[in-house]
Amino acid sequence: MAPTAQALADLTEISTQVEAAVILDREGTVIGSTVDDERAGRLASSALELVRAAEESRPEGAEELVQLDVALRDGSVFVAADGDRLIAATTRPDPTVGLVFYDLKSCLRGVSEEAEAKPKPRRRTTTKKKDDEKP
Amino acid sequence: MRSRSFVTGFVLAAGSATAAVALRRRATRRRDRAELYFAEGTPVSLTEGQPGADRLLQHARELLATARS
């Protein structure tokens with residue numbers, strides 16, 4: 001299983017309050033999700049719009065948004081950020097907010113660490129032939 | 001007799017006040033709201049009807065509906 005899929009599978013297993021989750025970058029590209037691709041795309045798009053709307057409420061002098069939660073009558077929406085990556089999740093009504101944030105951040109951190117741990121492809125080096133080697 | 005009616009009145013008044021507080025708290029809790037946290041720890045709370053809240057809450061509702069569709 002891919003690291004992102006594994007992290008999301010762990011998330012839904014550990015946090016029974018999380019119904020659906022999507023990991024995306026700040027351009028809205030889906031990195032992984034617990035739902036099908038079509039829904040994941042729409043979730044990522046809504047999550048990005050949500051973050052942009054939240055950024056508009058940023059107080060003067062405040063730094064970037066790191067997390068948000070929206071409590072609605074039918075359920076809650078959470079977004080947590082870690083660098084360029086975001087995770088958005090939905091839960092049932094009245095979740096344990098601190099616990100959900102902890103699980104989301106752990107999931108996101110796990111994905112980021114996996115990405116950083118991946119060995120970068122080696123740069124191909126070419127050695128110029130010495131002048132005396134040329135025919 | 002007089003003291004009995006005083007006690008009854010007092011109990012009724014206290015009960016009504018408690019019920020009013022409980023109902024108000026419940027209504028506040030049921031209202032849609034958003035909590036935003038910025039990097040240095042600044043929290044911002046937005047409740048339905050406040051400037052900037054409605055657009056944010058609308059996106060959250062869309063997200064929730066998509067997740068459950």
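Let's begin where the two chains meet: between chain B and chain A there are 14 residue pairs in polar contact, both residues at pLDDT 80 or more. A polar contact here is a pair of N or O atoms within 3.5 Å, where within protein one must be able to donate a hydrogen and the other to accept it, and residues adjacent in sequence count only if both atoms are side-chain atoms. This is a predicted model, in which local features need pLDDT of at least 70 and side-chain atom pairs count only at pLDDT 80 or more, while totals for chains, interfaces and linings use all residues. Residues are numbered from 1 along each chain as its sequence is written, chains are lettered from A in the order in which they are written, and side-chain values use heavy atoms, leaving out hydrogens and water.

Which element of chain B gives the most to the side that touches chain A? Helix 2 of chain B does, with twelve residues; helices (H or I, at least four residues) and strands (E, at least two) are DSSP runs, numbered from the N terminus.

Now look at the charges. Five salt bridges cross the interface of chain B and chain A, each a side-chain nitrogen of Lys or Arg within 4 Å of a carboxyl oxygen of Asp or Glu. A:Glu56 forms a salt bridge with B:Arg55, with the closest N and O atoms 2.8 Å apart.

The strands join in too. Strand 3 of chain A (residues 65–71) pairs with strand 1 of chain B in the antiparallel sense over six bridges; pairing takes at least two bridges found by DSSP. In strand 1 of chain B, B:Leu36 stands opposite A:Leu68.
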